[in-house]
Amino acid sequence: MNSEIKAKTEERIIELLKTVYDPEIPVNIYDLGLIYGIDIQDDGKLTLEMTLTAPNCPMADFIVEDVRIRLNTIEELTDVQIKLVFEPVWSREMMSEEAMLELGLL
């Protein structure tokens with residue numbers, strides 16, 4: 001996979017991540033700052049590092065599976081691995097300005 005295809009694939013990944021919502025918060029997981037890393041290898045393997053707003057989030061399995069289902073629709077990806085991480089701990093400062101506005105925090 002060349003750099004142009006990687007860049008377009010990453011854009012598509014971000015587009016799809018912006019369609020995934022934590023059911024308890026009306027903001028998508030990308031703008032919430034829950035995505036820590038997007039790593040696309042030349043062979044199309046994706047490793048996505050993400051976190052949750054709280055380690056004991058009751059919707060964790062639902063959110064991760066929703067992400068996996070959506071990312072598996074991208075033809076350029078040969079494998080999707082999602083790593084749920086809790087370091088660094090998520091905080092409100094990780095949210096985009098758009099998310100803060102939407103939640104009335106600005």
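Tutor: A helix here is a DSSP run of H or I with at least four residues, and helices are numbered from the N terminus. The model is predicted. Side chains of opposite charge can pair when their charged atoms come close. The structure holds five salt bridges, and three of them are described here.

Glutamate 15 is joined to arginine 12 by a salt bridge, with 3.1 Å between the closest N and O atoms. Because these two residues are three places apart in helix 1, about one helical turn separates them. Glutamate 15 counts as partly exposed, at 46% relative accessibility, and arginine 12 is also partly exposed, at 36%. Helix 1 itself packs on the sheet, where it touches strand 1 and strand 2.

Helix 2 covers residues 60-71, and in it glutamate 65 and arginine 68 are three residues apart, so about one helical turn lies between them. Their side chains meet in a salt bridge of 3.4 Å, N to O. Glutamate 65 has a relative accessible area of 38% and is partly exposed; arginine 68 is partly exposed too, with 26%.

Aspartate 66 counts as buried, at 15% relative accessibility, whereas arginine 70 is partly exposed, at 28%.

Arginine 70 also leads us to a residue without such a partner. Aspartate 22 is buried yet has no salt bridge, and arginine 70, the nearest side chain of opposite charge, is 13 Å away. A salt bridge requires a side-chain nitrogen of Lys or Arg within 4 Å of a carboxyl oxygen of Asp or Glu. Leaving aside residues up to four places away in sequence, aspartate 22 touches Val27, Ile29, Leu32, Thr53, Cys57 and Ile63.

Methods. Residues numbered from 1 in each chain as written. Predicted model: local features only at pLDDT ≥ 70, side-chain atom pairs only at ≥ 80, totals over all residues. Heavy atoms only, no water. Buried < 20%, exposed > 50% of the residue type's maximum accessible area, 1.4 Å probe, protein only. Lys, Arg positive; Asp, Glu negative; His and termini not counted. Contact = heavy atoms within 4.5 Å. Axes fitted to C-alpha atoms, helices over the stretch in contact; angles between N-to-C directions.
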